[in-house]
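Here are my notes on the model you sent. Please read them with the structure open.

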Amino acid sequence: MSNKLNITFVRPPFEGMTDYCPPHMGIACLYGYLDKSFGGHICCTLVDALSGRWSLEQVIQMIEDTFPDVICITAKTMQVEQTIELLEFFRRTSCILICGGNHVSVEPDIFIESGANFAIVGEGEKPLRTIIKCLLDNDMEKIEEDNRIIYDKNELSKISIRKKIFISNYVENFRKADEQLGKPDWSIFDIKMYNENIHINKSVPALQVMASRGCPYKCSFCSSYLTWGMYVKYRPAQMVVDEIVENIKKYNINDFHFYDDNLMLNREWVIDFLNIVEKSSYSFNWICLSRPEIIFKNSDLLFRMRENGCKGFELGFETYSPKVYKKMNKKNNFDSFLKAYNILQENDFEMIEFLIMGFYIGETIETLYETYLQLKKFMKGKNLFTYSRYFATPFIGTEFYQIHLQHGHNLFGGNRYKYAVYLNYMPDSFLDFCGVGYYIDANSLELLCFAYGELDHIIYRKEFNQINSKLTPSQFAYLFNRFMSESKTVRDLNKYIADVLELDNILCVEEYVARMIEFSVRLGAMRR
């Protein structure tokens with residue numbers, strides 16, 4: 001038996017796994033930190049369902065094949081149910097079970113109740129190191145020193161590992177690891193299995209990088225601050241550049257996607273970063289996320305950013321509607337995005353991407369239509385303008401989650417579809433809207449549905465197909481036009497379709513109607 005502690009990191013499968021397959025930066029950071037802290041005393045492996053599109057059963061078999069002493073599972077909301085299934089299966093074994101990730105940070109107790117020995121709240125590196133050290137030293141009492149570690153005190157004395165490893169002096173290793181906090185080590189991944197990119201040419205591989213953690217803004221729908229906090233912490237610019245250069249050499253990758261919520265928030269850091277890059281003999285391409293007012297404030301740096309590899313920006317546009325935008329607590333407006341877009345165009349950035357969120361509280365056919373109409377104003381520039389569309393998802397712990405049921409309802413119970421590619425929330429404002437003056441061109445919709453095939457990421461797929469088999473796109477357009485012209489609401493249309501097709505599940509009809517309307521608006525089949 002090996003005298004090393006065998007640790008397996010796990011990313012569970014989830015509904016909606018697509019061809020886009022980025023490696024998991026959180027796991028890479030945890031692995032790098034533990035490896036620096038404990039060196040040859042641990043052996044880490046990875047089971048990533050996303051890389052192989054593996055089922056839960058396959059993941060279980062692969063975990064068993066690694067013979068781990070410790071299983072570390074990362075869980076976002078759409079992975080909660082799958083994580084619980086893993087915990088309930090492996091709690092029967094002698095494995096130590098540890099959970100972390102976005103959802104664990106806001107609801108740790110459900111994972112402890114399901115069999116996890118430990119749940120980590122917030123940043124994971126130091127709490128996980130504390131747990132591993134206690135296991136290596138066979139001294140679980142020191143767990144209490146970190147209040148970010150949640151556990152059942154009655155079960156603590158029962159925790160043990162199959163092997164005895166006693167190590168006393170980690171001080172030097174820990175110091176070196178702390179200096180590298182936040183640096184991912186991708187060697188635990190088979191990078192060829194992933195396809196992160198910077199959107200300009202999606203066939204060119206990229207890697208993630210994070211210079212900072214935390215966000216001072218508190219958008220109503222966003223859960224980022226619940227994990228990282230509202231205080232923004234930056235890594236030294238030299239360390240970030242060194243990391244990028246190291247990955248260029250190691251993986252022959254020259255594209256990097258900054259995952260920071262607001263990379264340009266710290267002007268002095270950006271200047272320091274640019275100074276170092278300008279002196280480096282290595283060049284690379286990168287994109288980052290920002291906000292209009294931050295771009296205005298640092299517009300004098302844009303030329304240098306572009307000259308030093310920045311290819312473009314992602315901006316959280318969300319919606320054109322001032323009313324909906326205000327509910328999101330975004331503190332921006334359309335004019336600010338238009339101004340930011342023009343500034344970025346003037347500085348010849350190759351790519352500008354707007355992130356769009358549909359069906360938030362206050363959404364109607366009118367606000368949806370206006371959002372896509374206004375997006376067309378940005379498509380005439382010389383740069384690549386693109387947008388990514390998501391659906392409002394009430395993540396636990398957010399303000400949106402606290403109030404969403406007062407203004408609408410969930411289309412599906414549980415967490416399995418709490419992923420923004422699914423329409424999982426329906427606002428009353430949309431259901432109660434009467435779209436007089438809006439109509440769908442039946443021929444256009446029929447042609448679009450034929451060209452694009454079935455809509456993706458449908459929760460009620462079986463029911464959706466049943467409706468499609470009985471209601472052609474042109475017939476749906478006819479019904480929509482009739483109901484709107486008669487001053488009836490979307491809710492009326494839903495009820496009519498459910499009654500005619502004898503469907504008891506009104507939620508599947510709501511999903512069908514809303515997705516067909518959004519499809520019609522987005523691709524231009526709806527007219528006003």
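1. Which residues point one way from strand β10, and which the other way? This is a predicted model. In β10 (residues 255-258), Asp255 and His257 point one way. Phe256 and Phe258 point the other way. All four of these residues are buried.

2. Now the neighbours of β10. Strand β7 (residues 206-209) runs parallel to β10, and four bridges join the two. Within this pair, Ala206 stands opposite Asp255. Strand β11 (residues 285-290) also pairs with β10 in the parallel sense, here over three bridges.

3. How does the chain get from β10 to β11, and what is the hand of the crossover? The path goes through helix α12 (residues 267-279). This β-α-β crossover is right-handed.

4. Next, helix α1. The helix covers residues 25-38, which makes 14 residues. From first C-alpha to last, α1 reaches 20 Å. That is close to the 20 Å expected at 1.5 Å a residue.

5. Is α1 mostly covered or mostly open? Mostly covered: ten of its 14 residues are buried. When you look along the helix, keep the repeat in mind. An α-helix has 3.6 residues a turn, so residues three or four places apart point the same way.

6. Check the residue that follows α1. Gly39, just after the helix, takes a positive phi of about 55°.

7. Then the second largest pocket. Its space comes to about 330 Å³. The lining has 16 residues, and the closest to the pocket centre are Gly115, Ala116, Asn117, Glu155 and Ile159. By type, the lining divides into seven nonpolar, five polar and four charged residues.

8. Last, Glu346. This residue lies in helix α16 (residues 334-346). Why does Glu346 count as exposed? Because its relative accessibility is 61%, and the cut-off for exposed is over 50%. Glu346 and Lys382 are 36 residues apart in sequence. In space, the two are 9.9 Å apart, C-alpha to C-alpha.

Key
Residues are numbered from 1 along each chain as its sequence is written. This is a predicted model: local features need pLDDT of at least 70, side-chain atom pairs count only at pLDDT 80 or more; totals for chains, interfaces and linings use all residues. Side-chain values use heavy atoms; hydrogens and water are left out. The expected span of a helix is 1.5 Å times one less than its number of residues. Buried means under 20% relative accessible area, exposed over 50%, partly exposed in between (1.4 Å probe, protein chains only). On a 1 Å grid over the protein atoms alone, a cavity is a set of points where a 1.4 Å probe fits but cannot get out, and a pocket is an open set with protein on both sides within 12 Å along at least five of seven lines; lining residues have an atom within 4 Å of a point. Grid points are joined across faces, edges and corners, and a volume is the space filled by probe spheres set on the points. Ala, Val, Leu, Ile, Met, Phe, Trp, Tyr, Cys and Pro count as nonpolar, Asp, Glu, Lys and Arg as charged, and the others, Gly among them, as polar. Two strands pair if DSSP finds at least two bridges between them. A crossover is right-handed if, with the strands pointing away from the viewer, the path from the first strand over the helix to the second runs clockwise.
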